[in-house]
Amino acid sequence: MKPSKPKEYKKHNSFVGFKDKDGGLIASAQSRCLSLGKDLEKSELSLAKQNVVRKALDDLSNPAGTSELPKFQITRHVAAEISLLDDSELPRYLFHRYRYEIYPDRKILDDYPPYLQIEPSSICNYRCVFCFETDPTFNSPKNGFMGKMSLELFHAVVDQALGNIEFISLASRGEPLACKDIEKMLAYTPGKFLNLKMNTNASLMDEAKCHSILSSGIRTLVFSADAAEEPLYSQLRVNGKLDKVLANIRRFNEIRKKHYPKRRIITRVSGVKFRQEQNLESMENLWGELVDQVAFVNYNPWENVYEAQPNGLATPCSDLWRRMFVWWDGKTNPCDVDYKSTLSVGNIHKLSISQLWSSAPYQMLRQKHLGKNRQTMRPCNSCTLV
């Protein structure tokens, strides 16, 4: 019997359910982008970057086309991001969004990753059933994976990214609000990035942290929650309590309304679709009044990737051209499925972001994947991400 083809997991645009208060945001965003026209020449972008933006605008003008390659388009969450921007920021945003959306599919590489994930903490107070934090060989302090980023290192990474990478996430293997310096880190971010995102389980979001987030450069705040009722919530997010998270988010909204009424920020509740009883309708009924967006993403079995059997998958992983991770200790990794850093390409203490992105170890990984040899590497050979 011919073996079945492994199911591929597309992390990029992995929403399996998405609800928002759209109100024509896509049409408005499309119109604003297409109106750039000749004014693009007046932007601060170099001629080379302007040409990239023109490619994005060409795709928007001719969404059908004849090419079999993916074309740039404005989705609901992209339209929401655009709604936060001034017209003068649009060319810069389109340049970076096009790189993020299209370059990985076309295997185009330039000097910087389109997306950078910075890990304030690898420590988490939850033990979600679908997360590698449940792996005792990872979460045991004696094994060296647990830690919190220093403020000095955070400043250094942000300084390198400034002007070169616009899409940044403050999250990775752990809970960012568990970092003792997170408030000082957030205070260093205003005005620096067009698309700064933070993911949090919201359990540690006290009043002071609410103010820190709302006075920071965060543009998208994602609350990680997978259910709208107990006991399902705490069965999935072990150590978590739904009533505490709800109270924290309500307080966040009260502080935002009272002290930051003009603050432009997108809030989203995003859950992992892990069990059949999870449904978007109940999520929207509870969370819809508290946040701008409610979503589910596909479950990817990464919590046991090192124990999983090779799956025969040959398709290259797009994340090798899309994003880079900087852990709390400066170690740099090509993905977070490899949460024990067996594929680490170096350390930010020794090489710059740009040097790491084009380094020999990174290039070797890409060439292996392009040559359909991902099965020769662990854990790529048991991972389904493409």
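Visitor: How are residues numbered, and what pLDDT do side-chain atom pairs need?
Guide: Numbering starts from 1 along each chain as its sequence is written, and side-chain values use heavy atoms, with hydrogens and water left out. Since you are looking at a predicted model, totals for chains, interfaces and linings use all residues, local features need pLDDT of at least 70, and side-chain atom pairs count only at pLDDT 80 or more.

Visitor: Which strands are the edge strands?
Guide: The open sheet has 10 strands with mixed pairing, in the order E1-E7-E6-E5-E4-E3-E2-E8-E9-E10. An edge strand pairs on one side only, and that describes strand E1 (15-20) and strand E10 (346-347).

Visitor: What angle does the direction of helix H4 make with that of E3?
Guide: Helix H4 (residues 90-106) packs on the sheet, touching strands E2 (115-118), E3 (167-170), E4 (195-200) and E8 (323-326). Touching here means heavy atoms within 4.5 Å. Axes are lines fitted to C-alpha atoms, for helices over the stretch in contact, and angles run from 0 to 180 degrees between N-to-C directions. With E3, the direction of H4 makes about 70°.

Visitor: Which residue in E5 is the bridge partner of Asn-199?
Guide: E4 pairs in the parallel sense with E3 over 4 bridges, and Leu-170 stands opposite Met-198 in E4. E4 also pairs with strand E5 (residues 220-224), again parallel and over 4 bridges. There, Asn-199 has as its bridge partner Val-222.

Visitor: Why does Pro-114 count as buried?
Guide: Pro-114 is found in the loop between H4 and E2, where it touches residues including Arg-99, Tyr-100, Trp-321 and Trp-357. Buried means under 20% relative accessible area, exposed over 50%, and partly exposed in between, with a 1.4 Å probe and protein chains only. Pro-114 counts as buried because its relative accessibility is 3%.

Visitor: Which residue has the backbone oxygen that the side chain of Asn-139 reaches at 2.6 Å?
Guide: Asn-139 lies in helix H5 (residues 136-139) and counts as buried because its relative accessibility is 18%. Its contacts include Arg-127, Thr-134 and Met-146. A polar contact is a pair of N or O atoms within 3.5 Å; within protein, one must be able to donate a hydrogen and the other to accept it, and residues adjacent in sequence count only if both atoms are side-chain atoms. The side chain of Asn-139 reaches, at 2.6 Å, the backbone oxygen of Glu-133.

Conventions. Pairing = 2+ DSSP bridges. Helix = DSSP H or I, 4+ residues; strand = E, 2+ residues; numbered from the N terminus. Lists of a residue's contacts leave out its neighbours within four places in sequence.
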